[in-house]
Amino acid sequence: MLRNTLLYLSNQQQVFRFVRHNGLAKRFASRFVAGETVEGALDAVGALNARGIRASLDLLGESVTNADEARQTGREYVRLLERIQERGLDANVSVKLTAMGQDVDEQLCVDTITSVLETARRYGNFVRLDMESSAYTQRTLDLFYGRLYPAFPENVGIVLQSYLFRTDDDVARANAERCRVRICKGAYKEPPSVAYPDKADVDAGYVRAMHALMRDGRYPGLATHDERLVDEAKRFARAEGIGPERFEFQMLYGVRRDLQDALVREGYNMRVYVPFGTQWYPYLMRRLAERPANVAFMTGSIVKELVRGRRAGNGAPPRARVTGDAPERERAHADVAGPGADRR
Ligand SMILES: Cc1cc2nc3c(=O)[nH]c(=O)nc-3n(C[C@H](O)[C@H](O)[C@H](O)COP(=O)(O)OP(=O)(O)OC[C@H]3O[C@@H](n4cnc5c(N)ncnc54)[C@H](O)[C@@H]3O)c2cc1C
């Protein structure tokens, strides 16, 4: 019920117009989204870098419905890569091919993502192609292997999702072709004809893929907040003599900061996925819908901060934080599903 209400609200533009200028709603969002502007997001990346954490920036956007919008998004990513370079930050970018015009025209999509990849190559940077729903899996891999990876072998990588039946084969191919993979569980609602309906099978698939990528792959990104999987990665690396420089953990902005910091302290590479942009409202609502417990958690923490602000004497709530920090006790409940669900 709550989930459906949140999903309904995520599509309501008039609600967004209201909350966009509402301080409290923005404070809600700042936990999971690094502000609306490029510079604000880069400040958040700077704060992550200071904690020894790398970033991958995701520009939150509306569905792209024509060539102008796709080209505009491409230009924004080019500018983002330029600003990362100018500010000397340790960050790459994550891109959805649908935002590059995949649903409008394939050649448009190739041209747009190529301009982004050329910029990444100029700066020795990297572009991760987020994986969307299974309707896009084959098309995305065809484009990747057929056009993008041959032209930019050092600058582009893919995402595979352990909930799909096909992923063992996709991992084997990626390893054979020496391309970089982020492995995640998968965030879309998929039919049982293509994906495991049971979480236990998804987790088992993740372990299989993770082992294969760590052993035979090229610097895989292990994207999960699942502590059991993180522990298994560490155990496997020790058992197989795989050094921590050969892979990285990846988590979402504002989620499990305690685990992020602990992994950095232990000497592992850690990258945080940092979504930003004016279109934060649908992203936030979908994250809340995926884990409705977050609504209670966020309401509770905002109320606590309001009370603390009053006690501090001025009656005004503290300013919204850019980094989405939260005490670990609170954060332990701040569960969100992944960015892949962004355009669901
Ligand atoms: C960097 C990154 C990139 C991603 N890219 C994509 C993509 O391109 N395509 C796509 O489809 N999906 C993507 N995802 C989303 C992903 O597929 C999952 O939907 C999402 O990460 C949730 O799965 P999980 O592995 O974190 O663990 P879950 O199975 O959701 O959770 C497992 C356990 O982890 C712990 N946990 C998880 N989150 C929290 C939290 N916030 N606080 C406390 N404990 C927690 C809990 O113990 C929980 O029971 C990405 C995720 C990340 C982190």
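**Close-up views of a predicted chain**

Figure 1. Of the contacts between residues at least 6 apart in sequence, 74% link residues at least 24 apart, a contact being two residues whose C-beta atoms, placed from the backbone, lie within 7 Å. The model is predicted: local features need pLDDT of at least 70, side-chain atom pairs count only at pLDDT 80 or more, and totals for chains, interfaces and linings use all residues. Residues are numbered from 1 along each chain as its sequence is written. The chain holds 14 helices and eight strands, which are DSSP runs numbered from the N terminus (helices H or I, at least four residues; strands E, at least two). Of its 344 residues, 44% count as buried; a residue is buried if 20 or more other C-beta atoms lie within 10 Å of its own, exposed if 12 or fewer, and partly exposed in between.

**Figure 2. Helix α9 and its buried face.** Helix α9 has 18 residues and spans 25 Å from its first C-alpha to its last, close to the expected 26 Å, the expected span being 1.5 Å times one less than the number of residues. G205, Y206, A209, M210 and L213 are buried in α9. These buried residues fall within an arc of 135 degrees seen down the axis, so they line one face of the helix; the arc is that of the directions from the helix axis to the C-beta atoms. They pack against β4 (156-161), α8 (167-176), β5 (181-184), β6 (221-223) and α10.

**Figure 3. The crossing of α9 with α10.** The axes of α9 (residues 199-216) and α10 (residues 227-240) come within 11 Å and cross at roughly 35 degrees; axes are lines fitted to C-alpha atoms over the stretch in contact, and angles run from 0 to 180 degrees between N-to-C directions. The crossing is right-handed, meaning that the near helix is turned clockwise from the far one by less than a right angle. On the α9 side, Y206, V207, M210, H211, M214 and R215 take part, and they meet L229, E232, A233, F236, A237 and E240 of α10.

**Figure 4. Two loop residues with positive phi.** Most residues other than glycine have a negative phi. Y219, in the loop between α9 and β6, has a positive phi near 40 degrees. Y219 is partly exposed because it has 15 C-beta neighbours inside 10 Å. R256 lies in the loop between β7 (248-252) and α11 (257-265), with a positive phi near 55 degrees. R256 counts as buried, because 22 other C-beta atoms lie within 10 Å.
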